[in-house]
Amino acid sequence: VEPVESGGGLVQPGGSLRLSCAASGDPFDIYTMGWYRQAPGNQRELVARVSDGDRTKYGDSVKGRCTIFRDNARNTVSLEINSLKPEDTAVYYCYVGEMSPQGVSIETWGQGTQVTVSS
């Protein structure tokens with residue numbers, strides 16, 4: 001499977017952002033989809049993920065201003081962040097977790113999309 005990301009770009013502080021990711025190809029059983037981000041000089045950190053049963057987890061830095069939505073029928077995941085801050089500037093990566101028929105977990109990362117929050 002290949003995660004195909006869309007969205008991102010330049011956003012003003014206080015604005016909103018929507019990112020989308022589609023798992024193209026013929027995936028095995030997808031058990032989780034989500035987003036991480038990495039700013040220059042920082043480690044990659046969780047933004048949000050949604051797993052089977054619509055269990056969600058949000059990173060501390062976006063809690064309360066972020067919503068993640070997964071469409072299981074279309075193998076897509078969307079992310080919306082409100083009240084954007086300059087510190088939200090980063091490359092955002094989509095990832096997909098699949099379970100193979102042999103019970104092996106396979107995680108695949110997208111190429112990343114740049115988000116810049118600046119006036």
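Analyst: A disulfide is a pair of cysteine sulfur atoms within 2.5 Å. The structure holds one disulfide. This is a predicted model, in which local features need pLDDT of at least 70 and side-chain atom pairs count only at pLDDT 80 or more, while totals for chains, interfaces and linings use all residues. Residues are numbered from 1 along each chain as its sequence is written, and side-chain values use heavy atoms, leaving out hydrogens and water.

User: Which cysteines does the disulfide join?

Analyst: Cys-21 is joined to Cys-94, with S to S 2.0 Å. The link connects distant parts of the chain, 73 residues apart: Cys-21 is in strand E3 and Cys-94 in strand E9. Strands (E, at least two residues) are DSSP runs, numbered from the N terminus. The angle about the S-S bond is -80 degrees, and the link is left-handed.

User: Are Cys-21 and Cys-94 buried or exposed?

Analyst: Buried means under 20% relative accessible area, exposed over 50%, and partly exposed in between (1.4 Å probe, protein chains only). Both Cys-21 and Cys-94 are buried. Cys-66 is also buried, at 8% relative accessible area.

User: Which residues touch the most other members of the largest nonpolar core?

Analyst: A nonpolar core is a set of buried Ala, Val, Leu, Ile, Met, Phe, Trp, Tyr and Cys residues joined through side-chain atoms within 4.5 Å. Among the 25 residues of the largest one, these are Trp-35, Val-47, Val-77, Leu-79 and Tyr-92. Elements giving two or more residues to this core include strand E4 (29–38) and strand E8 (76–81).

Definitions and conventions: Helix = DSSP H or I, 4+ residues; strand = E, 2+ residues; numbered from the N terminus.
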